[in-house]
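Okay everyone, thanks for coming.

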Amino acid sequence: LTGTLICRLFGGIVFGTWGDRVGRKLPLMVSIATYAVFSALSGVMPTFFWFFVCRLLFGFGMGGEWAAGTPLAMESWPLRSRGIASGILQGGYPCGYFLATIAFFVIYPLWGWRVLFVLGVVPALLLLYIRTKVKESPVFLARRAMLEKAGTPEKGISIVRLFKPDIIWTSMHAFVVMIGAMLSQFCLSALWPTYLTNELHLTIGQRTVFIVLLNVGSLVGYW
């Protein structure tokens, strides 16, 4: 879990920076392909070492998906309603967790844990839709047109901009808020099933009920 989340940070930096240069769509597609492939490979690895490597690379792609997908969604939404848009976007996490919980309840007793990881390849089916139907961020296109008109192409690495004197305190504030959010979110969501299993000794059905309730509450809270 720790390795996956650390690599999520680096994936976010790399894909986010790439997205600031070339647009949001291409990095989003590559990041989805990355985490889908390495999720599936996690389910067929013969040793823990190679499983661990796949989880690191899965985290890298997962971080990239968030860094590329979030600005694409928010920049494509009308400004007046971006608050609820962010809630709907964040609600994707408990929705996915909910689906994974149901998949665990149905699949794990029959075929074991490996099949659950292989199912992680399913998001790759979105690539064709994103490629053909999703438009590039209008904010990115407008900024690129403005830079081209002014004859000042993008220079430097975009993450450096976060530490410029005019916005560094905003960056630090966001950084501290996200530390708190990540600590609370992932401590609960990632370790909750283990606690229910090892400490409370609940059955698969009982654990499923608890985790479904957790995600319903999360979804309502995000909205």
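This is a predicted model: local features need pLDDT of at least 70, side-chain atom pairs count only at pLDDT 80 or more; totals for chains, interfaces and linings use all residues.

Residues are numbered from 1 along each chain as its sequence is written, and side-chain values use heavy atoms, with hydrogens and water left out.

For scale, the C-alpha atoms fill a box of roughly 65 × 35 × 30 Å along the principal axes.

Now the packing. Which way does α2 run against α7, roughly parallel or roughly antiparallel? The axes of α2 (residues 25–42) and α7 (residues 126–133) come within 10 Å and cross at roughly 175 degrees; axes here are lines fitted to C-alpha atoms, for helices over the stretch in contact, and angles run from 0 to 180 degrees between N-to-C directions. So α2 is roughly antiparallel to α7 (under 35 degrees is roughly parallel, over 145 roughly antiparallel, 65 to 115 roughly perpendicular, and the rest oblique). On the α2 side, Lys 25, Leu 28, Met 29, Ile 32 and Ala 33 meet Leu 127, Ile 130 and Arg 131 of α7, with contact meaning heavy atoms within 4.5 Å. By class, that contact has 6 nonpolar, no polar and 2 charged residues. Ala, Val, Leu, Ile, Met, Phe, Trp, Tyr, Cys and Pro count as nonpolar, Asp, Glu, Lys and Arg as charged, and the others, Gly among them, as polar.

Next pair: α1 (residues 2–22) and α3 (residues 48–75) pack at about 45 degrees, with their axes 6 Å apart. That angle is why α1 and α3 are called oblique to each other. Among the residues making this contact are Gly 11, Gly 12 and Gly 16 of α1, plus Gly 59, Gly 63 and Gly 64 of α3. By class, we get 11 nonpolar, 8 polar and 2 charged residues there.

Last stop, the lining of the second largest pocket. The residues in that lining divide into 29 nonpolar, 10 polar and 11 charged. That's it from me, happy to chat.

Definitions and conventions: Helices (H or I, at least four residues) and strands (E, at least two) are DSSP runs, numbered from the N terminus.
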